[in-house]
Amino acid sequence: MPQAPLQPGTLYLVSTPIGNLEDITLRALRTLRECNVIAAEDTRRTKQLLKAHDISQQVVSCHKFNEAKRSQVILDWLGTGQTIALVSDAGTPGISDPGTRIVRAAIQAGCRVESVPGPCALTAALPTSGLPTEEFHFAGFLPHKSGGRKKKLESLNQAPGTLCFYESPHRIAKLLGELQVQWPESEVVLARE
């Protein structure tokens, strides 16, 4: 069955590999090949992905520091019928990565937004952890400052199911200590990509 062409004026949220460049869907590759512009959290990383899959496409930066300003440019492109693929460094745009602000702006402007699903660190790690998956709470990244981190962890005391966090490698030891203090009897699993 032939694939439907990309829809003009659509913002495509394209999930990208979280560790292995081969972990990308055929649909994601087609979207990246056929879109007019790729808006990327890190253009260098995205260009590595594109090179690995022989894709030559215009790439512009779109990260947390320029997302507000870039939103208007993207809306202008969408308004002229262009197709835009939004990608983060790894995983799914908007899941603890830039993208939410652009998606909201596109929806408010009446533009079409479509997800091109694929890798997500949360959904890759949780099933392999051995922890219960029937109900879980995703808290994303904790605040950087100790007071904010403690307050956030305390607010999760009554959260049902398995608690899932993202954390940078250089703060893992600190997080483990905080979890030990907050929930000394809990089982903890660390996962990477």
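This note goes through the predicted model point by point, from the overall chain to individual residues.

1. Basis of the model. The model is predicted, so local features are taken only at pLDDT of at least 70 and side-chain atom pairs only at pLDDT 80 or more, while totals for chains, interfaces and linings use all residues. Residues are numbered from 1 along each chain as its sequence is written, and side-chain values use heavy atoms, with hydrogens and water left out.

2. Overall chain. The protein chain holds seven helices and seven strands, where helices (H or I, at least four residues) and strands (E, at least two) are DSSP runs numbered from the N terminus. Along the sequence these elements follow the pattern β-α-β-α-β-α-β-α-β-α-β-α-β-α, and the C-alpha trace spans about 55 × 35 × 30 Å along its principal axes. Of the 193 residues, 41% are buried, a term that means under 20% relative accessible area, as against over 50% for exposed and in between for partly exposed, with a 1.4 Å probe and protein chains only. Among contacts (heavy atoms within 4.5 Å) with a separation of 6 or more, 70% are between residues 24 or more positions apart.

3. Helix α4. Within α4, which covers residues 100–108, the residues Ile102, Val103, Ala105 and Ala106 are buried. They lie on the same side of α4 because they cover an arc of only 165° around the axis, the arc being that of the directions from the helix axis to the C-beta atoms. The cover over these buried residues includes β1 (10–14), α3 (67–79), β4 (84–87) and β5 (112–116), whereas Arg104, Ile107 and Gln108 are exposed on the face turned away from the buried side. Just after α4, Gly110 takes a positive phi of about 80°.

4. Largest pocket. The largest pocket contains about 1,400 Å³ of space. The search uses a 1 Å grid over the protein atoms alone: a cavity is a set of points where a 1.4 Å probe fits but cannot get out, a pocket is an open set with protein on both sides within 12 Å along at least five of seven lines, and lining residues have an atom within 4 Å of a point. Grid points are joined across faces, edges and corners, and the volume is the space filled by probe spheres set on the points. Of the 44 lining residues, Ala121, Phe165, Tyr166, Glu167 and Ala191 lie nearest the centre of this pocket. The elements that give two or more residues to its lining are α5 (121–129), β7 (162–166) and α7 (172–182), and α5 gives the largest share, six residues. By class the lining of the largest pocket has 27 nonpolar, nine polar and eight charged residues, with Ala, Val, Leu, Ile, Met, Phe, Trp, Tyr, Cys and Pro counted as nonpolar, Asp, Glu, Lys and Arg as charged, and the others, Gly among them, as polar.

5. Second largest pocket. About 290 Å³ of space lies in the second largest pocket, and of its 13 lining residues Glu41, Lys64, Ser96, Asp97 and Phe141 are the closest to its centre. This lining divides into four nonpolar, five polar and four charged residues.

6. Two aromatic pairs are counted, under a rule by which rings of Phe, Tyr and Trp (its six-membered ring) pair if their centres lie within 6.5 Å, and planes under 30 degrees apart count as stacked, over 60 as edge-to-face and the rest as tilted. The rings of Phe138 and Tyr166 have centres 4.9 Å apart and planes at 70°, so this pair is edge-to-face. Phe138 lies in strand β6 (residues 136–141) and Tyr166 in strand β7, so the pair ties together parts 28 residues apart in sequence. The rings of Phe141 and Tyr166 are also edge-to-face, because their centres are 5.6 Å apart and their planes at 70°. Phe138, Phe141 and Tyr166 thus form one aromatic cluster, in which Tyr166 is buried at 15% relative accessibility, while Phe138 is partly exposed at 26% and Phe141 is partly exposed at 44%.

7. Ile95, in the loop between β4 and α4, is partly exposed with a relative accessible area of 33%. Not counting residues up to four places away in sequence, Ile95 touches Cys120, Phe138 and Tyr166. Gln182 lies in helix α7 and is buried at 19% relative accessibility; with that exclusion of residues up to four places away in sequence, Gln182 touches Leu153, Glu154 and Asn157.
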